[in-house]
Amino acid sequence: MIIAIRIAGTVEIESKVEMTLSRLRMRKKYSAVLLKNNPESLELLRKVRDFVAFGVLSEADIEDLISKRGKGIGGKKLDAKKIASEISKKSAEDLGMKPFFRLHPPRGGIDSKVHFPIRHGVLGNHGDKINLLMRRML
């Protein structure tokens with residue numbers, strides 16, 4: 001599973017990018033969604049890569065994210081282990097969970113939101129290192 005975390009705010013965003021973020025259900029800063037690793041999701045992430053941080057999330061971190069920040073539809077309690085094992089097969093709504101997560105700002109701050117010619121900052125593809133950023137935001 002891929003996690004996408006919105007880092008940039010809403011000021012001076014192109015309307016197409018804002019619409020894409022809205023469709024991904026990342027309407028506010030520090031909101032996150034879990035996406036399946038398929039070409040359609042990767043294309044959406046390519047469009048919004050200057051506003052989000054994304055990468056591949058491990059199974060243990062998915063379970064931790066669901067148990068700490070997951071919300072059930074209608075205020076129901078969630079079984080994090082069951083949902084973490086089935087989230088790759090079914091959608092979050094089918095499992096009784098809201099499809100987005102509201103995270104805290106990262107402890108220790110953000111290095112930089114700006115892209116440089118040499119890869120710096122927190123935006124864009126992080127690969128496996130997204131686990132560290134996500135843990136700082138729980």
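**Close-up views of the predicted model**

View 1. Tyrosine 30 sits in the loop that joins helix 1 (15-23) to strand 2 (helices are DSSP runs of H or I with at least four residues, strands runs of E with at least two, numbered from the N terminus). The model is predicted: local features need pLDDT of at least 70 and side-chain atom pairs pLDDT 80 or more, while totals for chains, interfaces and linings use all residues. Residues are numbered from 1 along each chain as its sequence is written, and side-chain values use heavy atoms, without hydrogens and water. With 14% relative accessibility, tyrosine 30 counts as buried (under 20% relative accessible area, 1.4 Å probe, protein chains only). Beyond four places in sequence, its contacts (heavy atoms within 4.5 Å) include Arg6, Phe101, His104, Pro105 and Met137.

**View 2. The largest nonpolar core.** This core (buried Ala, Val, Leu, Ile, Met, Phe, Trp, Tyr and Cys residues joined through side-chain atoms within 4.5 Å) has 28 residues, and Ile3, Ile5, Leu34, Leu65 and Ile87 have the most contacts inside it. Elements giving two or more residues include strand 1 (2-6), helix 3 (59-69) and helix 5 (130-137). Helix 5 supplies the largest share, four residues.

**View 3. The buried side of helix 5.** Ile130, Asn131, Leu133, Met134 and Met137 are buried. They lie on the same side of helix 5 because they cover an arc of only 160° around the axis (taken from the directions from the helix axis to the C-beta atoms). The buried residues of helix 5 pack against strand 1, strand 3 (52-56), helix 3 and strand 5 (124-127).

Technical notes. Buried means under 20% relative accessible area, exposed over 50%, partly exposed in between (1.4 Å probe, protein chains only).
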